Amino acid sequence: MNLIKITPGQSLTDTQKNGLKLVSLLGGGKRDVVLAIDITESVGLNDQGRIRLRQIIEHSLQPGDSVYIVPFAQDVILGEYQSIENPLGTPIYFSGNNPENIDKILAKVPFNYDPKRYGADIQKAELTVYQGIAQINHNRLSYQQIIKPQSVVWVTDAPLFTQPGITSQVWIETPANSPFRIAESPESQERHKWLNTLPLKERSLTIKTQYNQEYKLSVVDIEPTVQEFCTPAPGGQETCLVNPYLIKQLSLPTLILILIFGGFCWSIFKLYRLQKKWQLIVEFEATENPEDQKCRLPNNKRIAIGEYDATCVDSIDCPGTEIRAYLERKGDKLYLVPTNQAPIYYKNEEITSRTVISNSNFRINCPDARKGDYEIIIKVKK
């Protein structure tokens with residue numbers, strides 16, 4: 001795929017912003033972290049500055065983060081592998097919080113200023129960094145990869161977020177021939193658009209140098225975002241970038257969540273059904289009463305047919321002094337379990353082994369040698 005240099009896009013809706021946050025969560029919290037460090041003499045990191053940078057590297061980086069080291073002065077130093085694929089140079093992959101990975105990043109950090117570098121063009125650095133991180137997420141969108149939240153750590157005594165057309169009164173080090181001194185220049189306008197387009201949140205800490213000068217360590221966090229471009233299409237339609245990306249990224253996780261939620265609801269329903277006691281309405285044809293007895297049958301319990309049994313929750317009377325069978329509940333199924341001490345019939349057949357009762361309204365017969373048939377009608381309310 002041929003990547004295109006990204007420019008500021010259209011505003012995203014709240015739904016799209018939330019969708020992009022969900023997509024980034026699928027990446028397991030992995031981030032892009034840019035260390036943008038002013039290497040001019042006016043900064044000259046002292047012991048406190050070094051300690052704080054080490055703090056960020058040793059304690060703030062998370063496994064899976066991609067770290068970009070971006071020194072700057074009059075120019076931004078991106079290294080030989082800078083391209084539209086890697087607009088801020090090749091990142092350092094932070095695979096785990098161990099000495100080897102920490103030392104790999106610390107070795108790339110310019111803790112000392114470069115005496116050959118002077119005149120920090122801060123607005124040029126801002127444009128390069130913010131356009132670069134936007135390009136990184138746009139590349140992921142183009143390749144249908146998961147986008148990431150991003151953070152930029154600025155170490156500089158130059159002011160951030162200044163208005164277009166930076167003057168010497170605002171920042172004296174900006175080179176005289178810098179296009180960023182002109183408010184209407186394309187570079188100034190492009191930087192201004194990126195500052196307004198990206199969701200930037202800044203936190204700053206002032207640090208004093210050994211010469212009692214001050215610079216700031218500022219962290220600018222950027223929520224996971226991409227640039228939206230919608231274009232009219234034939235047939236009164238419109239083609240956009242973000243919504244198709246969100247649909248593709250979230251369709252499978254959404255389906256999985258629906259299945260999980262459905263399974264959870266089914267499990268709750270199943271558990272409720274298992275915990276609910278069944279009601280058995282017993283009618284003895286010999287008495288001609290519509291409801292002679294009501295029994296409650298919990299799961300994994302049984303009712304004796306015949307004499308009383310202490311192991312049962314209830315009993316249904318019938319001729320004889322023995323227990324003819326049990327009505328036993330196992331989950332959603334009801335069984336007739338004969339004892340074979342006396343005959344018992346279900347569906348006009350004598351039952352001699354454990355049998356499933358398939359109907360919620362059924363009839364059993366407990367015949368007596370002297371009085372003949374003794375039929376019982378049982379209705380089950382689950």
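Here are some friendly questions and answers about salt bridges in this predicted model.

Reader: How many salt bridges does a search of the whole structure find?
Author: Side chains of opposite charge can pair when their charged atoms come close. Searching the whole predicted structure for such salt bridges gives a total of 12.

Reader: Which side chain meets Lys124 in a salt bridge?
Author: Happy to trace that one. Lys124 sits in helix H4, and its partner lies in the loop between strands E2 and E3, so the pair ties together parts 49 residues apart in sequence. The N to O distance is 2.8 Å, and the partner is Asp75.

Reader: Is Glu328 buried or exposed?
Author: Let's start with its pairing: Glu328 forms a salt bridge with Arg354, with the closest N and O atoms 2.7 Å apart. Glu328 belongs to strand E13 and Arg354 to the loop between strands E16 and E17, so this contact ties together parts 26 residues apart in sequence. Arg354 is partly exposed at 44% relative accessible area. The cut-off for burial is under 20%, and Glu328 has 14% relative accessibility, so Glu328 counts as buried.

Reader: What is the distance between the closest N and O atoms of Lys201 and Glu223?
Author: Good one to check in the viewer. Lys201 is exposed, with a relative accessible area of 52%, while Glu223 is partly exposed at 29%. These two form a salt bridge, and their closest N and O atoms are apart by 3.4 Å.

Reader: Which residue joins Lys201 and Glu223 in one network?
Author: Lys201 is in strand E5 and Glu223 in the loop between strands E6 and E7, 22 residues apart. Through salt bridges that share partners, the network also takes in Lys21.

Key
Residues are numbered from 1 along each chain as its sequence is written. This is a predicted model: local features need pLDDT of at least 70, side-chain atom pairs count only at pLDDT 80 or more; totals for chains, interfaces and linings use all residues. Side-chain values use heavy atoms; hydrogens and water are left out. A salt bridge is a side-chain nitrogen of Lys or Arg within 4 Å of a carboxyl oxygen of Asp or Glu. Helices (H or I, at least four residues) and strands (E, at least two) are DSSP runs, numbered from the N terminus. Buried means under 20% relative accessible area, exposed over 50%, partly exposed in between (1.4 Å probe, protein chains only).
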